[in-house]
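Please keep the sequence and the three-dimensional view at hand while reading.

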Amino acid sequence: MNALILVDLQNDFLPGGALAVPRGDEVIAAANRLQPHFPLIVATLDWHPPDHGSFASNHPGRRVGDRVELDGVPQVLWPDHCVRDSHGARLAPSLHTLSIARAFCKGVDPRVDSYSAFRDNGRRTDTGLGDYLRDRGVTDLFVLGLATEYCVRATALDAAAYGFATWLFEDGCRGVESRPGDVAAALAEMERAGVRRIASKTWLSERDRGADRSTLASGRYLRLMRSGRWEYAERSNATGVVVIVPTTVDDAFVLIEQYREPLGRRCIEFPAGLVGDAPGDEHEELITAVRRELMEETGFAAADVKLLGEAVPSAGLTSERVAVFRATGLCRVAAGGGADGELIQVHLVARGALREWLDRRRAEGIEIAMSLYGGLWLAERETR
Ligand code: VGL
Ligand code: ZN
């Protein structure tokens with residue numbers, strides 16, 4: 001589930017405020033435009049007591065911009081700002097607030113500042129935001145607000161560290177830029193931490209494209225879908241797809257060969273199959289499907305099965321995603337060959353001979369599945 005977090009959209013950070021962020025007011029429109037598209041919206045409030053240790057006024061002889069230590073944590077000194085319950089601490093008057101589910105206050109302890117909405121700069125006290133989002137099923141957190149290189153940066157980095165897929169609406173942020181390059185450095189750091197930068201316009205238009213999705217045709221196993229000018233296929237009878245990379249104890253790959261109707265030819269593939277496609281078995285687990293398919297198609301039981309990764313086989317043709325598993329410790333316990341007359345042929349090909357073997361089969365007019373090439377790479381990466 002998606003959630004939107006509006007960081008410190010408070011009067012003091014807007015032009016005319018005590019700690020004004022240049023052009024900070026420009027992000028309010030983006031915040032208002034995005035809100036209707038999120039099922040959960042939270043706000044953060046910089047919410048300081050008057051004696052807060054981040055205020056230069058509380059350090060006699062010091063000036064705004066000086067660097068000090070607060071309780072062992074480095075601290076830049078700021079003008080007095082966002083004093084709790086003051087006008088400067090209120091949310092921007094033009095911000096739509098009806099849909100904000102909850103506001104999280106930070107910087108409430110005079111002894112430590114808090115740029116992140118999740119925890120203070122000394123990482124001692126947690127605001128409860130992480131649990132709040134997790135309890136509501138949030139997986140993806142979208143961040144915007146003020147200021148890019150302080151509270152937005154710290155909040156986005158923590159969001160990623162807390163395990164959320166984290167997105168930054170770049171046009172929904174403005175920075176202080178007290179030293180030239182601060183904002184660019186913060187953006188690069190967030191990106192390195194896995195935060196994905198996106199423009200609100202791009203995100204909104206990609207959403208719109210999904211909104212006029214319709215079904216053109218429905219078969220027993222597939223649906224032909226349309227979304228805008230795009231057409232693609234969706235499965236109607238499975239909850240997932242698994243591809244299995246099986247290797248024997250003497251390091252041979254187990255491959256299958258079968259006639260594939262859409263191609264009108266035989267195709268070499270790794271064993272694979274649908275998950276949850278048997279009636280009454282819709283809740284089948286991936287790992288169960290791996291063992292079942294491997295047995296049905298090849299007759300091998302595996303001592304060890306491990307997820308290698310997830311990937312999409314044909315992003316323009318289908319919404320399908322596949323989970324790729326490694327299967328090792330193989331023991332042949334049945335004939336294999338597939339269910340319902342699939343006439344699957346099983347091949348054991350030694351690792352060192354695989355490249356040449358595949359090229360030879362290809363030259364004979366046999367197709368090779370892309371998932372075979374992809375599975376090999378994932379398995380190889382795992383063993384290195
Ligand atoms: C912030 C400096 C001090 C912010 C808060 O919201 O980015 N910056 N307090
Ligand atoms: Zn502050």
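This is a predicted model: local features need pLDDT of at least 70, side-chain atom pairs count only at pLDDT 80 or more; totals for chains, interfaces and linings use all residues.

## Polar contacts and burial

Which side chains bring an N or O atom to within 3.5 Å of a nitrogen or oxygen atom of ligand 1? Among them is Asp8, where an N or O atom of the side chain is 2.5 Å from an oxygen atom of the ligand. The side chain of Asp46 has an N or O atom 2.9 Å from a nitrogen atom of ligand 1, and for the side chain of His81 the corresponding distance to a nitrogen atom of the ligand is 3.1 Å. Ligand 1 exposes 260 Å² when it is taken alone, and 98% of that area is buried by the protein.

## The cavity

How many cavities of 30 Å³ or more are counted in the protein? The count comes to one, and the largest cavity, which holds about 110 Å³ of space, is the space taken by ligand 1.

The largest cavity is lined by 13 residues, and of these Phe13, Leu19, Trp78, Tyr150 and Cys151 are the closest to its centre. Its lining divides into nine nonpolar, two polar and two charged residues.

## The domains of the chain

The chain is divided into two parts, with domain 1 covering residues 2–207 and domain 2 covering residues 239–383. Taken over C-alpha atoms, the centres of domain 1 and domain 2 are separated by 47 Å.

Definitions and conventions: Residues are numbered from 1 along each chain as its sequence is written. Chains are lettered from A and ligands numbered from 1 in the order in which they are written. Side-chain values use heavy atoms; hydrogens and water are left out. Domain bounds come from an automatic or database domain assignment. A polar contact is a pair of N or O atoms within 3.5 Å; within protein, one must be able to donate a hydrogen and the other to accept it, and residues adjacent in sequence count only if both atoms are side-chain atoms. Accessible areas come from the Shrake-Rupley method with a 1.4 Å probe; for residues, only the protein chains shown count as cover. On a 1 Å grid over the protein atoms alone, a cavity is a set of points where a 1.4 Å probe fits but cannot get out, and a pocket is an open set with protein on both sides within 12 Å along at least five of seven lines; lining residues have an atom within 4 Å of a point. A molecule sits in a cavity or pocket if more than half of its atoms lie within 2 Å of its grid points. Grid points are joined across faces, edges and corners, and a volume is the space filled by probe spheres set on the points. Ala, Val, Leu, Ile, Met, Phe, Trp, Tyr, Cys and Pro count as nonpolar, Asp, Glu, Lys and Arg as charged, and the others, Gly among them, as polar.
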